[in-house]
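Subject: Structure handed over, with notes

Dear colleague,

Please find below the structure that I promised to pass on to you.

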Amino acid sequence: MTQALALRLGQRLNLWPPENSKLISLLQCCKQVSEISQIHGSIVKTGLDHNPFFLSKLLASSVHHNQYAASIFSHIRNPNLFMFNTLLRAYSISDEPNKAFLVFNDLRARGIVLDQFSFITTLKACARELAIETGQGIHGVVVRSGHGGFIGVKNTLLHIYCVSGKIEDAHQLFDEFPHRNDLVSWNTLMGGYLHVSQPRVIVDLFRQMCKGGFEASVTSVLHLLSAIGELGSYLGGESVHGYCIKMGFCDSLHVVTALIDVYAKNGGIELARQIFNGVAVKDVVLWNCFVDKYAKCGMVEEAVALLRLMRLERTKPNSSTLVGLLSACAASGSLSVGRFIMDYVEEEKLVLDAVLGTALVDMYAKCGFLDKALGIFESMENRDVKSWTAMISGYGVHGEAGNALRLFYRMEEEGCRPNEVTFLAVLSACSHGGLLREGVWCFENMVRKYGFVPKVGHYGCMIDLLGRAGLLEEARRLIESLPIKSDVSAWRALLSACRVYGYVALGEVVQRVLAELNDDHPTNAMLLSGTYAIAGRLHDSSNMKDTVEEQMMRKENPVKEAGLSTIELDS
């Protein structure tokens, strides 16, 4: 609100007696706390602050300012149900949804009879907090109070179970009184199955919904397209595309983006481009989607051409426009395209935020230009945990374990909490750099200080680290303590360490374990053959090589995977 508007508001309050209709009208126009507080003051001066009707309207106008609403509510002697519901709604849409639970408990303690809106707002707060146990408790209250028949309450309960991953409970609730389900019920359940990656169920639900006489909405079709994309059904995508044209859903950019995603995932990138070209007015999300699809299909030149077309059509890009393309450059090592993108960022004056900056750091690090990666990293105003992890990983991949550790220490000093991926990058750097003491310290720090449960990747780094240091028996004991007993990659890492040190006895034990795990990968026999050779047992090494050849011959069409190298010229 401008100062001039605030002045006019104050003048209106002073010029006319605060008649009821005028105050209510002004309250409905207020958006900021500063505006609401002026009318609040006028209400207090005229004694209307004891009028439940005016207090209810004042609370309703403050619903987007939960602290101010709570302050008003705390001074009301006998709040009614509408006032409680208003405060519940304020908290349910705020950054503190958990406070709605205290208000709900207070409401019940006062013996006020609840209505469906009391439950809906509180249940929405449960969904935002993922407070499934609280939601289940309120579900019990809903059943006992007879409010389960309200479809709004049922749909909100469905939403809680779906976002919490309790899909079986959600489906059971859905099947109770099925004649009361509406389109929102169907969409919510389909969204829940999408959340737990069960695409076939979504397709079946969509068919049942249509047979039940419901007309699909944009949300229904978006869930269906996501499911078809996961199933890899090219023909299914075409069928839904035809349905969308028939129902007029192709006017929605969300639907168009989803269709492009389905075609691109299933090898129909040309058909996806036809859909893209047919959209008259494209937003930045649609452009970003197609640039990303080209990048993921390895069509980097086409993605760059699309960026140039985007500029010609005067669509302003954002950081997400380039992230997918930068990932493709990092994977392919195409530095020329990476440089083009860096120039593009400067020409378009894009903000080097955490998303774009991290992608650039990752690209330069994977292409071998650590100085450029570090320069971008240092120039970023805001770094998140992914930014730090990308730079630490870059150091580790290029054998600069010391720099990786120093950056990790600095990360902690600057107050950024590492995650499990960060620790994996640090442990990998220690493993490749042979920093045994530092690696053990990092592993212990991850568990004791940060409370992370080590995963197979973390154990793999530690086994590799111990193996490189010649502590083979310690590595063996660590493998035997793993929560996952059938991790062949860990045993193979130990076998590789046995080859380095020519430790035949342990190598043979590891080979037998791998055989018991039904792992007959030729690498196992080759590593054991190398172990025999290092130990001077050339006869055994020769026999093991013959075994490898026999294994390869027994396989149908034995073809050794060819290596591939690329060299980028004039970059």
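Which residues of α30 are buried? Before I answer, please bear in mind that this is a predicted model, and that every value below was computed from it. The buried residues of α30 are Ala490, Trp491, Leu494, Leu495, Ala497 and Cys498. Around the axis they cover an arc of only 160°, which puts them on the same side of α30. An α-helix has 3.6 residues a turn, so residues three or four places apart point the same way. The partners against which the buried residues of α30 pack are α28 (456-468), α29 (472-480), α31 (504-516) and α32 (522-534). The length of the helix also agrees with expectation, because the 14 residues of α30 (residues 488-501) should span 20 Å at 1.5 Å a residue, and the end C-alpha atoms are 20 Å apart. After α30 comes Gly502, which has a positive phi near 65°.

Helix α3 can be read in a similar manner. With 13 residues (33-45), α3 reaches 18 Å from its first C-alpha to its last, which is close to the 18 Å expected at 1.5 Å a residue. Its buried residues are Glu35, Ile36, Ile39, Ser42 and Ile43. They cover an arc of only 120° around the axis, and this puts them on the same side of α3. Just after α3, a positive phi of about 80° is found at Gly47.

As for the chain as a whole, it has 33 helices and zero strands, and 45% of its 571 residues count as buried. Among the contacts with a separation of 6 or more, 59% are accounted for by residues 24 or more positions apart. The chain exposes about 29,900 Å², of which carbon and sulfur atoms supply 53%.

Turning to the aromatic residues, a search of the whole structure finds 18 aromatic pairs. In one of them, the rings of Phe408 and Phe423 have their centres 5.5 Å apart and their planes at 65°, so the pair is edge-to-face. Phe408 lies in helix α25 (residues 401-413) and Phe423 in helix α26 (residues 420-433), so the pair ties together parts that are 15 residues apart in sequence. Phe408 is buried, with a relative accessible area of 0%, and Phe423 likewise counts as buried at 0% relative accessibility. Both belong to one aromatic cluster, formed by Phe408, Tyr409, Phe423, Trp441, Tyr450 and Phe452.

Two polar residues in buried positions may also interest you. Asn187, in helix α12 (residues 183-195), is buried with a relative accessible area of 10%, and a polar contact of 2.5 Å joins its side chain to that of Ser220. If residues up to four places away in sequence are not counted, Asn187 touches Met209, Ser217, Thr219, Ser220 and His223. Ser94, which lies in the loop between α6 and α7 (99-109), is buried too, with a relative accessible area of 7%. A polar atom of the Ser94 side chain lies 2.9 Å from the backbone oxygen of Tyr91, and, leaving aside neighbours within four places in sequence, Ser94 is in contact with Asn66 and Arg128.

The remaining notes concern loops. Most residues other than glycine have a negative phi. Ser197, however, has a positive phi near 55°; this residue sits in the loop between α12 and α13 (199-211) and counts as partly exposed at 49% relative accessibility. Arg314 is not a glycine either, yet its phi is positive, at about 60°. Arg314 is found in the loop between α19 (300-312) and α20 (319-332), and with a relative accessible area of 77% it is exposed. Finally, Asn78 belongs to the loop between α5 (66-74) and α6 (81-92) and counts as exposed at 69% relative accessibility. Its C-alpha atom is separated by 9.1 Å from that of Pro52, a residue 26 residues away along the chain.

Conventions. Residues numbered from 1 in each chain as written. Predicted model: local features only at pLDDT ≥ 70, side-chain atom pairs only at ≥ 80, totals over all residues. Heavy atoms only, no water. Helix = DSSP H or I, 4+ residues; strand = E, 2+ residues; numbered from the N terminus. Expected span 1.5 Å × (residues − 1). Buried < 20%, exposed > 50% of the residue type's maximum accessible area, 1.4 Å probe, protein only. Arc of directions from axis to C-beta. Contact = heavy atoms within 4.5 Å. Areas by Shrake-Rupley, 256 points an atom, 1.4 Å probe, with all protein chains shown as cover. Polar contact = N/O pair within 3.5 Å; in protein donor to acceptor, adjacent residues only side chain to side chain. Phe/Tyr/Trp six-rings, centres within 6.5 Å; stacked < 30°, edge-to-face > 60°.
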